Amino acid sequence: MTLPNFAYFRGQIVPYDQAKVGVLTHTLNYGTGVFGGLRAYWNEADKQLYLFRPLDHFQRFLNSARLLCMELPHTPEKLTEVTVELLRKEARSEDTYVRPLAFVPDEQIGVRLHDLHSDISIVSIPMGRYIESEEGSSATFSSWRRIDDNSIPARGKIIGSYVNSAFIKTDAIRAGYEEAIVLNADGHISEGSAENFFMVRGGVLVTPPVTDNILEGITRRTVIQLAREELGMTVVERPIDRTEVYLAEEAFFCGTGVQICAISNIDKRPVADGKMGPFVGKLRDLYFRIVRGMEPKFRAWNVPIYPGPLNG
Ligand code: PMP
């Protein structure tokens, strides 16, 4: 992986190798921190890098921090400004991933959330695909269960809870699959290891509700809006049984990392005919046009990084 040249670290942009913490740092010992994940897409025609929905990402980031009682003076607007400045300094002309982290810098023993400080770092790295077979990936139902809202809330992007995702991902990869679908303790589907889940059944787009231990994904929100307003689909948020997925017409993961990733087989069972379905195909085309700043109607979601005139 290419390391970043710069980091926003505790209030200023510094060379990446100066963004360091001590081994007693609370977050490193107890997982008491939260993170985010954004993408910026390069548009060759515009010679522009577009950061996708940063205000929404940073609002969720701050909400996650609130769950951990972190007191941060930042606003989504300020964090977007800082990210634009950081990406300008990196001066890339390729697709980029942005990783904000809110951490507890205190170097002390004692697990808790209260009476601690909090701080923020932001870095970026070049990033292509997160799952190679986006047009038809293989998935399995994980034998792990999703952490519950009353254990560690999945609606917050809490560092410690990603050990649950790591168990899920590693077992899926070692078993020869690219991803896993994770069930809640009650047997209903929550999401993937780091992405939300959708299926098409009876011509209706279905996804688990936000009360089923899922991250409230920005891509999920984007997909629901596009499906309803642009692609003429009925969208229903409801619990999903495992065996419904075996009978689905289409299934896919979505998230900032995986983007829109069709699932073509689950536990070796083909989803419909085992090829990317027509809805997922259309959705992917539209999504990639939007994130690259090619759809004027959705320009409000694209924050340009470099100064200068833009096309369209
Ligand atoms: N669920 C989990 C567990 C995730 O880690 C992610 C990635 N952030 C998502 C869903 C997708 O969220 P988003 O669309 O906001 O990236």
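Biologist: Which residue just after α2 takes a positive phi?
Modeller: This is a predicted model, so the angle is a computed one. Helix α2 covers residues 54–67. Just after this helix, a positive phi of about 60 degrees is taken by Cys69.

Biologist: What distance does α2 reach from its first C-alpha to its last?
Modeller: The helix has 14 residues, and 1.5 Å a residue gives an expected 20 Å. The model is close to that expectation, with a reach of 20 Å.

Biologist: Which element gives the most residues to the largest nonpolar core?
Modeller: That core has 28 residues, and Phe61, Ile120 and Ile122 have the most contacts inside it. The elements that give two or more residues to it include α2, β6 (96–103), β7 (119–126) and α3 (76–90). With five residues, the element that gives the most is α3.

Biologist: Is Thr25 buried or exposed?
Modeller: Thr25 lies in the loop between β2 (12–15) and α1 (26–30). Leaving aside neighbours within four places in sequence, Thr25 is in contact with Val104, Pro105, Asp106 and Glu107. Because its relative accessible area is 3%, and the cut-off is under 20%, Thr25 counts as buried.

Terms used: Residues are numbered from 1 along each chain as its sequence is written. This is a predicted model: local features need pLDDT of at least 70, side-chain atom pairs count only at pLDDT 80 or more; totals for chains, interfaces and linings use all residues. Side-chain values use heavy atoms; hydrogens and water are left out. Helices (H or I, at least four residues) and strands (E, at least two) are DSSP runs, numbered from the N terminus. The expected span of a helix is 1.5 Å times one less than its number of residues. A nonpolar core is a set of buried Ala, Val, Leu, Ile, Met, Phe, Trp, Tyr and Cys residues joined through side-chain atoms within 4.5 Å. Buried means under 20% relative accessible area, exposed over 50%, partly exposed in between (1.4 Å probe, protein chains only). Contact means heavy atoms within 4.5 Å.
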